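Keep the sequence and the structure open as you read.

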Amino acid sequence: MDLEEALLAVGEFGPYQKQAVVVLVLTQVYMACQSMLIVLVGTTPPYQLRQTDGTSPGPAENSPQIIFTEDVDSIVTEWFLIKQQAYKVSLAGSLFFAGLLLGNVIFGPLSDKVGRRPVYLTGLFFEVLFGYVTVFAPSYEVFAASRLLVGFMNGGIGLVCFVLTQEYVGKSYWAMTGTLASMTFAVGISLFGALGYLIRPWRSLAMAANSLGVLFFLLSVTLPESPRWLYSQGRAEEAEEVLRLMAVRNGNHVKNLVLRRVGAGPSGVPSVGVRQLILHPVLRLRTLVLMYIWYACSLVYYGLTLGAGETSGNRFVNVAMYGLVELPAYPLCIYFINKHWAGRRKSMAGFLGLAGSACLLTMFIPQNTEMLLNVTSLALLGKLMVSAAFNITYVYTAELYPTVIRNAGLGVCSMSCRFGGILAPFVPSMRAVHQSMPFTVFCLSGLTAGCLGLLLPETLNQPPAETLEELERPAPHRVLESKPLLYEDTL
């Protein structure tokens, strides 16, 4: 039998897979806390500068005395990151996203070569370790370096964690497990806002947030290797062992569970590398389009989210609200992407277009209006729509790549996503040019990404490809396909 038939016999989403997926999706809470850490620990309270008579040295040039008018403990108050030093707060946030970029580039192909499980566990261990370096950082320089390293590990394990939630279960559950992972990340943002309200000192907050990683690491040690990855590598016997374990834990007694052997070489399957994303005509076009979509999703998503601490009102409530506003997006995703008249492609493009339109409307609303329809409500609507698009993009991208190169494809797409994350902390500074400039950037990014998304093929109810050869089978509604197959499909 092939892998899909084996999963049907074992149980596509049995009790054992449910336990494994719960551990993986709960890890998203820890990852969300690390992603949003700078929003609260980098808070800049109101302050005053008073010139001294020169007899008592101050912390800044010309010996001014800095007086913070709010009782806030943050990296700003500890290392006086104000005036000319204020850029260092945004820099620390951008370094985290630069680390995410590097992690996606390195961990994606690495997990395709050596396996999902060892890469995931190693990355999670070192993320927790570097997280404690953040907690005890004696200077801003050490703090910034630790954020780069935490981001590096976070980007790698986030990618592998998502892929594992897909590959442990049957294809019919991919949309659900992918949505659960994204939903839990949103819940993690909200919980971090609540945690920040309860724990005000920034080092204590960072300690509490990072300690969650220790718990999830211990829970993850018992997770098995992905049977899909083992099968795609020609290691059918090991894949059968994992499937038999799943069957026993699920309470299904499957006899004669033997997988069909694939490939002809001694290793079963020929080696596939990242270069196939460039050399293969179908993958090349898909990857270019997906890279821009991921970039646009990240720029809009993190641009709106990281601005939560700068908006008026209680910063803890704002952070929690920007997380909670995502939750309605996920039931919408599950509904639309499984309907034949919408599917993955149209749903993703539609939500991106709505996100861009919401940002466009902010340009026509006065800044400090008391109306229900104001800039903040439209920004929250844009966050809701881009969250839905981002969630679909994860699921859709995993379905567009064959198993043998899925992590590499997701890694390259996530790399471009991180460019958006790196730029996002600096987009609000474009208000110096014009008040509506940040929303103009978000609007154009969302609308153009939505239009490009319509070029991709629909994957709803299509069997997942395991190898590159399977990509070349004729399929309906495939737009980005090599020319010979486009001609054959018209016959």
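A cavity here is a set of grid points where a 1.4 Å probe fits but cannot get out. By this rule, the predicted model holds 4 cavities of 30 Å³ or more.

**The largest cavity**

- Its volume is about 320 Å³.
- The lining of the largest cavity consists of 21 residues. Nearest its centre lie Gln28, Phe185, Tyr302, Tyr394 and Arg418.
- Which helices each supply at least two residues of this lining? They are α2 (15-41), α6 (140-167), α7 (174-198), α12 (281-306) and α16 (375-400).
- Helix α6 gives the largest share of the lining, with 5 residues.
- By class, the lining of the largest cavity has 11 nonpolar, 8 polar and 2 charged residues.

**Helices α6 and α7**

- Both helices supply lining residues to the largest cavity.
- The α6 and α7 crossing is right-handed.
- On the α6 side, Phe162, Thr165 and Gln166 make the contact. On the α7 side, the residues are Trp174, Thr177, Gly178 and Ala181.
- The contact of α6 with α7 has 3 nonpolar and 4 polar residues, and no charged ones.

**Helices α15 and α18**

- Helix α15 spans residues 343-361, and helix α18 spans residues 437-453. They pack at an angle of about 160°, with axes 7 Å apart.
- How do these two helices run, roughly parallel or roughly antiparallel to each other? At this angle, α15 and α18 are therefore roughly antiparallel.
- The crossing of α15 past α18 is left-handed.
- From α15, the contact uses Arg345, Met348, Ala349, Leu352, Gly353, Gly356, Ser357, Cys359 and Leu360.
- From α18, it uses Phe439, Phe442, Cys443, Gly446, Leu447, Ala449, Gly450 and Gly453.
- The contact of α15 with α18 divides into 10 nonpolar, 6 polar and 1 charged residues.

**Helices α4 and α5**

- Helix α4 covers residues 87-114, and helix α5 covers residues 116-135. Their axes come within 7 Å and cross at roughly 135°.
- That angle makes α4 oblique to α5.
- Helix α4 contributes Phe107, Leu110, Ser111, Asp112 and Val114 to the contact. Helix α5 contributes Arg116, Pro118, Val119 and Gly123.
- In the contact of α4 with α5, 5 residues are nonpolar, 2 are polar and 2 are charged.

Notes: Residues are numbered from 1 along each chain as its sequence is written. This is a predicted model: local features need pLDDT of at least 70, side-chain atom pairs count only at pLDDT 80 or more; totals for chains, interfaces and linings use all residues. Side-chain values use heavy atoms; hydrogens and water are left out. On a 1 Å grid over the protein atoms alone, a cavity is a set of points where a 1.4 Å probe fits but cannot get out, and a pocket is an open set with protein on both sides within 12 Å along at least five of seven lines; lining residues have an atom within 4 Å of a point. Grid points are joined across faces, edges and corners, and a volume is the space filled by probe spheres set on the points. Helices (H or I, at least four residues) and strands (E, at least two) are DSSP runs, numbered from the N terminus. Ala, Val, Leu, Ile, Met, Phe, Trp, Tyr, Cys and Pro count as nonpolar, Asp, Glu, Lys and Arg as charged, and the others, Gly among them, as polar. Axes are lines fitted to C-alpha atoms, for helices over the stretch in contact, and angles run from 0 to 180 degrees between N-to-C directions. Angles under 35 degrees count as roughly parallel, over 145 as roughly antiparallel, 65 to 115 as roughly perpendicular and the rest as oblique. A crossing is left-handed if the near helix is turned anticlockwise from the far one by less than a right angle, and right-handed if clockwise. Contact means heavy atoms within 4.5 Å.
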